[in-house]
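Dear colleague,

I am passing a structure on to you, and you will find it just below.

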Amino acid sequence: MKIKELLQHLEQHYPLALQESWDNSGLQLGDPEQELSGVLVAIDATEAVIEEALEHGCNLIVTHHPLLFHPLKRISNRTYVERTVQMVLRNDLVLYAAHTNLDNSPRGINAYWGERMGLQNMRALAPLEGHHYKVVTYISEGSADELRRALMEAGIGRQGQYDGTSFSVRGEGRFRPQSGAHPHVGEQGVWHMEPEVMVTSLCAKVDLARALHVIRKVHPYEEPAIDVVPIMHQDPNLGGGVVGDLPEPVALEELFDRMKAWQPIHSIAHSKVLKDPVQRIAYGGGACREYIHAAASAGADLFITGEAKYNDYYDAMDLVTLVTIGHYESEYLSEDILYNTLSQKNGTFAVRRASSSMNPISYR
């Protein structure tokens, strides 16, 4: 198997279109056309992680945090980033990062945390906007049903618990085929009127290329008319953070104990406790301080994230109890998710979790 095949599998689960505009998820370094020998999963790419990959014969390293986030003006031995880049290139390795596309996925870090904690009725805390299109085409009446079926089978037109959704309007299509055209109906040089159906369907941004391919494949016309209209539809399953409800209220200390049982939490900081016990919980792995107001608007009793600034605790004081558990600690489970997803792909390669992954913050 080539490395690119495994990366395609990963991107089917966590499309790069879900990443934030400021992010740098995806291929970082290396040639994905080479044969895959093994995969090492880590939170960060460091010199120790690269050495571990070489030790185990892994030529693909998949991390949560991108190594290349800020532009490099030189590649020397001055910083760990520059040294790590050198090691990757010198040893012909491939480095890939799944960052905010993993955060914003309905199968990503935040949803995974919510499932482990038993949250019900989960939805995105900050739903993504601008990730859907209205795809419109005009097709002869006799071919409309075939197109609708093809779009449904391709996963186009999903809305909540419904699939195959579309809207149709009948009308008249008028055109005059020019010299060299091969019209499905009509004749060259002659005006033609054809009873047509306008078929409209909702399409996620990540599915747009597939939707256009299906329309062009099924459409009987030589030059099908297709409109792609951006819309501000919000998908409750896509976006930053999650919010959901515990089956029943839980004392704050008990909730913290549940978290510590499976997350490597060394310290918990929080703002003023507004409610105890708690039931509606919001979570955002990493640094999600900007979701404080979203958590309050969602009626959350707690908002748990990795880190926040001093004044954030003041800002949250009368809105929601802000809880911080550490950036690394809040995203530690990204290794589980990436390991499990990569292991689902059949092939003669090993997937390993990096024992050299480390928290850059020490506690006393």
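A residue is called buried here when its relative accessible area is under 20%, and exposed when that area is over 50%. Please keep in mind throughout that this is a predicted model.

With that cut-off in hand, helix H12, which covers residues 334-343, can be described as largely enclosed by the rest of the structure, because seven of its ten residues are buried. The buried residues are Ser 334, Glu 335, Asp 336, Ile 337 and Leu 338, together with Thr 341 and Leu 342.

Next come the aromatic rings, for which a search of the whole structure gives five pairs.

Another pair is made by Tyr 310 and Tyr 314, which is edge-to-face because the planes stand at 75 degrees, with the ring centres 5.7 Å apart. Both tyrosines lie in helix H10 (residues 310-316), where they are four residues apart, or about one turn of the helix. Tyr 310 is exposed, with a relative accessible area of 63%, while Tyr 314, at 48%, is partly exposed.

A ring is also involved in a contact of another kind, in which Arg 116 lies over the face of Trp 262, at 4.2 Å from the ring centre.

Finally, a few points concern the backbone. The peptide bond that joins Asp 276 and Pro 277 is cis, with omega at about 10 degrees, and Pro 277 is located in the loop between strand S11 (269-270) and S12. Asp 92, although it is a residue other than glycine, has a positive phi, near 55 degrees; Asp 92 sits in the loop between helix H3 (80-90) and strand S4 (94-97), and with a relative accessible area of 46% it is partly exposed. Asn 121, which is not a glycine either, has a positive phi of about 55 degrees, but Asn 121 lies in strand S5 (residues 120-127) and is exposed, with a relative accessible area of 60%.

With best wishes

Methods. Residues are numbered from 1 along each chain as its sequence is written. This is a predicted model: local features need pLDDT of at least 70, side-chain atom pairs count only at pLDDT 80 or more; totals for chains, interfaces and linings use all residues. Side-chain values use heavy atoms; hydrogens and water are left out. Buried means under 20% relative accessible area, exposed over 50%, partly exposed in between (1.4 Å probe, protein chains only). Helices (H or I, at least four residues) and strands (E, at least two) are DSSP runs, numbered from the N terminus. Rings of Phe, Tyr and Trp (its six-membered ring) pair if their centres lie within 6.5 Å; planes under 30 degrees apart count as stacked, over 60 as edge-to-face and the rest as tilted. A charge sits over a ring if NZ of Lys or CZ of Arg is within 6 Å of the ring centre and within 35 degrees of the ring normal.
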